[in-house]
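Open the model in your viewer and keep the selection tool at hand. Each stop below names what to select and what to look for there.

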Amino acid sequence: MNVKHIPAMGLAAALMLASAPVWAFAPPIMMHVESDHAGTFGGKSIRYKAVVDESSVTDPGGNTIATIVSTSYIRTDAPKDSTRPVLFVFNGGPGSSSVWLHMGLVGPKRIAFKDDVKPETTPPFRLTDNTESPLDVADIVLIDPPGTGYSTVVPGHESEVYGVDEDVHAIAAFMQAWTIKNGRANAPKFLLGESYGTIRAARLAKLLAGGPMETGSMTGMTLNGIIMLGQAMDMSAGGDTDYLTALPSLAATAWYHGAIDKNTTTLARQIADARAFAAGDYLRVLYLGDAASPAEKNAVAKKLADLTGLSEDFVLRRNLRVSTHAFASEILASKNEQLGLYDGRYTLPLRGSGGDPVADDPAMGQYVPGFLAVWSDYARKDLGITTPAPYRAIEFRTVNGRWNWGQGPGIQPTTNYAEDLAVAMRRNPSLRLMVGEGAYDLVTTMGEADYTIAHAGISPSQVTVKLYDSGHMPYLGTESRKAVAADIRHFISE
């Protein structure tokens, strides 16, 4: 709600127009498991406790409508005069648990594939110590939103938690309660969000401080930093912008698979050339549309073919507009291989797909089984979780399909949530943003991230952008995982 559009009717009346409910948060009511551990992280040996808590989300009348299960890793041998930062972590979806960041990047244990790009897809899968976890520089709180992981929703109350605003109010209340309970109100606070989690992070950054138009009170919680992986804030984008911003990722993925001559360029040069072309002749010809001459279109088609490894004929038949989906199915079609959209390094046979956009994606379809198997073992053996309830890694039908983006459940979003982040960063000039991009991410491309941040009204001095030799989950791959972890550690520590 924009204040300048509110007539002179008084603050109380204005507040009645606010549509987003503000949930209260109650103490843990069911699951609570603590265990003591030791490990080496970032070259430092530390002791820590793991705390698995189930807490209730209540409506304004105090009735429990959902629960949030969190896993916190808290150092127990830190010097008494130190102020440990807290890193709050969540994945995306909407409808995803935090298992991917938990078992892939920040947890004290992680999945260990023999080959991250050609992972084993049947058990047994291997769990290993995660020495790259940033637990040496921050306590870590992994959050499973209602309806994901072991978190629940009381039947009949789904609409009160399955939505952009509903979700962020519940998570904000959780964070406020956690910091008070653990005596960390004055600790540096960071968010790490992936994919839809970047939308959640942007909304949280604005919401946490409170205000009459957001929460009705001045809660005053500010953040020191936000880390975004697989940036997805702008849900309003479309048209020719999608093709322009996708081009650097198509060019990078073509380079990776040798669809263009790798002896004539490097990955960095390939990406730079694609960015320059997207901002130059490609943009101009797409802007001209049918007014572009055949010679201009042919010149663009040739350059696109040179960058992506596709044929000029293929590019022209698509009117110079090649989607990531079309690229993933075409680039290695002669070898009967299809690329993963979530990570273009992964392949499966092109023919024989069941057509499921996730289960049949060559990346998601191959790495998901390992993540879930090692989580199940780790939760039971290391964390001491004994609940017989299934762990819901991603809920598409029950959560994602019913998500309210602001216009009713299931109606597609049209909002640019980077505007929320820009407001938060204006309010808090010390808030810093780190954006991690995967070169082979064909779902949330590097070009989309660059474009969104550059057009959000955020000061470049507050932003750090990192590019990794990986995909949507940039911690898949030994070198890229180490790079992401090192950058997060530096971002929190500096």
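Select Asn319 first: at 33% relative accessibility, Asn319 counts as partly exposed. Keep in mind that this is a predicted model. Asn319 lies in the loop between α9 (312–317) and α10 (324–330). Its phi is positive, about 55 degrees, although Asn319 is not a glycine. Most residues other than glycine have a negative phi.

Move on to Asn336. This residue is in the loop between α10 and β10 (337–339). Phi of Asn336 is also positive, near 55 degrees, and Asn336 is not a glycine. Is Asn336 buried or exposed, or something in between? Asn336 counts as partly exposed because its relative accessibility is 22%, and buried means under 20%.

Most peptide bonds are trans. The next two selections are cis.

Select Gly93 and Pro94. A cis peptide bond joins them, with omega at about -5 degrees. Pro94 sits in the loop between β4 (86–90) and α2 (99–106).

Now select Pro123 and Pro124. They too are joined by a cis peptide bond, and omega here is about 5 degrees. Look for Pro124 in the loop between β5 (109–111) and β6 (127–129).

**Helices α2 and α11**

Two packed helices are described by the angle between their axes and the distance between the axes. Select α2 and α11 (residues 364–381). Their axes come within 10 Å and cross at roughly 85 degrees. The two helices count as roughly perpendicular because of that angle.

Which residues of α2 meet α11? They are Val99, Trp100, His102, Met103 and Gly104. On the α11 side, show Val368, Phe371, Leu372, Val374, Trp375 and Tyr378. Sorted by class, this contact has nine nonpolar, two polar and no charged residues.

**Aromatic pairs**

Stay with the rings for a moment. The model has 16 aromatic pairs. A pair of aromatic rings is described by the distance of the centres and the angle of the planes.

Select Tyr48 and Tyr73. Their ring centres are 6.0 Å apart. Their planes stand at 70 degrees, so this pair is edge-to-face. Tyr48 belongs to strand β2 (residues 44–58) and Tyr73 to strand β3 (residues 64–75). Tyr48 is buried, at 5% relative accessibility. Tyr73 is buried as well, with a relative accessible area of 0%.

Next, return to Trp100 and Phe371. Their rings form a tilted pair, 5.5 Å centre to centre, with 55 degrees between the planes. Trp100 is in helix α2 and Phe371 in helix α11, 271 residues apart. Trp100 is buried, with a relative accessible area of 5%. Phe371 is buried too, at 0%.

Now widen the selection. Ring pairs link Trp100, Phe113, Tyr346, Tyr367 and Phe371 into a cluster.

**Helices α7 and α8**

Select α7 (residues 281–288) and α8 (residues 294–308). How do these two helices pack? The angle is about 135 degrees, and the axes are 10 Å apart. The helices are therefore oblique to each other. Their crossing is left-handed.

Show the side chains where they touch. Asp281, Tyr282, Arg284, Val285 and Leu288 come from α7. Glu296, Lys297, Val300 and Leu304 come from α8. By class, this contact has five nonpolar, no polar and four charged residues.

**The buried side of α12**

Select helix α12 (residues 418–427). Which of its residues are buried? Colour Ala418, Asp420, Leu421, Ala422, Ala424 and Met425. These buried residues pack against α4 (196–207), β9 (225–229), β12 (432–438) and α13 (446–454).

**Last stop: Gly477**

Select Gly477, in the loop between β13 (463–468) and α14 (478–493). Gly477 counts as buried because its relative accessible area is 9%. Gly477 and Arg321 are 31 Å apart in space, C-alpha to C-alpha, and 156 residues apart in sequence.

Technical notes:
Residues numbered from 1 in each chain as written. Predicted model: local features only at pLDDT ≥ 70, side-chain atom pairs only at ≥ 80, totals over all residues. Heavy atoms only, no water. Axes fitted to C-alpha atoms, helices over the stretch in contact; angles between N-to-C directions. Helix = DSSP H or I, 4+ residues; strand = E, 2+ residues; numbered from the N terminus. Parallel < 35°, antiparallel > 145°, perpendicular 65-115°, else oblique. Left-handed = near helix turned anticlockwise from the far one by under 90°. Contact = heavy atoms within 4.5 Å. Nonpolar A, V, L, I, M, F, W, Y, C, P; charged D, E, K, R; others polar. Buried < 20%, exposed > 50% of the residue type's maximum accessible area, 1.4 Å probe, protein only. Phe/Tyr/Trp six-rings, centres within 6.5 Å; stacked < 30°, edge-to-face > 60°.
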